[in-house]
Amino acid sequence: SNPGCPIAGLEVALTDLQSSRNNVRHHTEEITVDHLLVRRGQAFNLTLYFRNRGFQPGLDNIIFVVETGPLPDLALGTRAVFSLARHHSPSPWIAWLETNGATSTEVSLCAPPTAAVGRYLLKIHIDSFQGSVTAYQLGEFILLFNPWCPEDAVYLDSEPQRQEYVMNDYGFIYQGSKNWIRPCPWNYGQFEEKIIDICLKLLDKSLHFQTDPATDCALRGSPVYVSRVVCAMINSNDDNGVLNGNWSENYTDGTNPAEWTGSVAILKQWYATGCQPVRYGQCWVFAAVMCTVMRCLGIPTRVITNFDSGHDTDGNLIIDEYYDNTGRILGNKKKDTIWNFHVWNECWMARKDLPPGYGGWQVLDATPQEMSNGVYCCGPASVRAIKDGEVDLNYDTPFVFSMVNADCMSWLVQGGKEQKLHQDTSSVGNFISTKSIQSDERDDITENYKYEEGSLQERQVFLKALQKLKAERFHSSRRGADLQPSRPTPLSRDSPRSVHTPSLQPSDVVQVSLKFKLLDPPNMGQDICFVLLALNMSSQFKDLKVNLSAQSLLHDGSPLSPFWQDIVFITLSPKEAKTYPCKISYSQYSQYLSTDKLIRISALGEEKSSPEKILVNKIITLSYPSITINVLGAAVVNQSLSIQVVFSNPLSEPVEDCVLTVEGSGLFKKQQKILLGVLKPQHRASIILETVPFKSGQRQIQANMRSNKFKDIKGYRNVYVDFAL
């Protein structure tokens, strides 16, 4: 340049944020390639095109400014100012020169691995040699957690696990009962259109953001904090959260929770209605929607089902169940229940707030059950801490411990008095399940939560947890809190345990045992045939009176009224076994069935010569034929695909108001709803759907059929979609 001419200030003509290239490198291209979405702790590139001349490192200083939230603040870390020229900038954000051309410059930027996640504004100031300063707004980008970055608190060192727990957009949620575990297909759809915007809106709708937005945004770098905020926002008990819970069996002003097959429709409805809670959810819906949000934000997450899950409301590690003299289970004033199954999430993160060794999988339960620090959320509670009985570690570890490891106490209520029948130490927390990595199989992870039932270690951990809770209760009472348990603490758990809950009394005095056995698989629409087995183990004759009853259950353990009762008298010779056949016809149970299709059969036996009572019960889950889905031809991106859906009415009566819903991320732009009208008894039918897949790779189709008689006949089919040639 001519030294006699002043050098013009550097002017930016155009910026290329290289969204497509950056998003592929940051594993966000499934969300979009049109806008910049990057992960913290990993560099991304952009190109600056200049209008009048090239960038001259000695003469020009380019200063980058990034800001997030409504009140960006340097001290809080929600604003950062960092220079291209200086490598030793005080800012944790860094920028460096990649290539410098005649009129363009490529630079790399990198957010620290602790940066707050969210939507950022990117600006630059150019300080040229002559003292001229120009400022430009380069655009917006979204910053996410980074499980690929070793310095990020959510780092997961296994690529197959990252693919399953961050990138997989479909899965299975296990339902039913421990005797009949059923996979329910689910479309998480975390990369579907608008879902990232909805997830960020969800953070902004939280009570924390509403009361102190500056602090809330600053804390969004912590997965512990973000997971608690999301957990509270999935339910609507304290705020305009995503879902209203409903366990009443009356869903006329909303959607029956059993009908949902994915999170996308729920999140989009919440967003489209100005963040009005969607009606309705139950535990698996809360957990599935939370999984979608967490995976979208970049926190590895999986959905967990615990069969026979304890809900201990008073923190004494005992679930109290009450029966009347017919063997019918009663609702109880304490609201202690054993849920047939309960579903929560595990999220993967470091726990710098806990002693070493308690990072990794953390339980988060978005179902509104109990308050935590004044809001309805639960966790993160370290799975390792639960297994070790460290119930004094944050957050909500005692409640989670009781869900998998409480004792169950059975009481007979008669004449206003309560008689203790039995204490069962192994009935709570069975077959804890999640989807396997990169497979459709079920993974049993019970051993992550507790040592083997009956082992010395399991006993020691239970007693350790009990001692910690007693100590906490003592200190709380000294502080003036009335937290005394309503029952004495559990007895020693040394008594031999019974299988199948027969004979609810200590084994050394059991002389007669009762047990139920199904004769045929219990199918919806058919009679339920079973026998009561009675065995006399003594050397005396025994005269038994047995009260039998059947009642529907909700999956949270709440009983409905009995619809079948019987009394039987059985005389047993010494060492004799007898069977008593029973049958509950479809006409007897059909109008009393809950959506969960659970029936509890109970028998309460008593001897003439003894005050001892013998209680046995069995939960029966009625099964449906599933929907069959056939893919007709090869699935190729942007090419028409025909899908056949085959469904049937399993009942021997017509069903009305039949509606089929079909969805699948990457296959359907939105959920398909087909009105089928009336289906004749035992009628089998099929329809053909046309769609155009818009994403390649492994995909899943999920389908549900509802009618006036049933709500959740489901089916799924995995589809591999090829790139167009």
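Predicted model: local features only at pLDDT ≥ 70, side-chain atom pairs only at ≥ 80, totals over all residues.
Student: Which residue stands opposite glutamine 698 in β37?

Tutor: Glutamine 698 stands opposite tyrosine 720 in β37, with residues numbered from 1 along each chain as its sequence is written.

Student: How many bridges join β36 to β37?

Tutor: Nine bridges join β36, residues 697-706, to β37, and the two run antiparallel; strands pair if DSSP finds at least two bridges between them, and a strand is a DSSP run of E of at least two residues, numbered from the N terminus.

Student: And what's the strand order in that sheet?

Tutor: The sheet is open and has four strands in the order β34-β33-β36-β37, with antiparallel pairing. Because β34 (672-679) and β37 (713-721) each have a single partner strand, they stand at the edges, and one side of each is left without a neighbour in the sheet.

Student: Switching to helices, at what angle do α3 and α8 pack?

Tutor: Helix α3 (residues 195-204) and helix α8 (residues 283-297) pack at about 100°, with their axes 10 Å apart, where helices are DSSP runs of H or I of at least four residues and axes are lines fitted to C-alpha atoms over the stretch in contact, with angles from 0 to 180 degrees between N-to-C directions. That makes α3 roughly perpendicular to α8, a term for angles of 65 to 115 degrees.

Student: Which residues meet there?

Tutor: From α3, Ile195, Ile196, Cys199, Leu200 and Leu202 meet Thr292, Val293, Cys296 and Leu297 of α8, contact being heavy atoms within 4.5 Å.

Student: Which residues have the most contacts inside the largest nonpolar core?

Tutor: That core has 67 residues, and those with the most contacts inside it include Trp186, Trp284 and Leu297; such a core is a set of buried Ala, Val, Leu, Ile, Met, Phe, Trp, Tyr and Cys residues joined through side-chain atoms within 4.5 Å, with buried meaning under 20% relative accessible area (1.4 Å probe, protein chains only). Its largest share, 13 residues, comes from α8.

Student: How many residues of α10 are buried?

Tutor: In helix α10 (residues 397-405), eight of the nine residues are buried, among them Phe399, Val400 and Phe401.

Student: What joins β29 to β30?

Tutor: A hairpin joins β29 to β30 through five residues, and the two strands pair in the antiparallel sense over nine bridges, with glutamate 606 standing opposite lysine 613 in β30.

Key. Heavy atoms only, no water. Parallel < 35°, antiparallel > 145°, perpendicular 65-115°, else oblique. Buried < 20%, exposed > 50% of the residue type's maximum accessible area, 1.4 Å probe, protein only.
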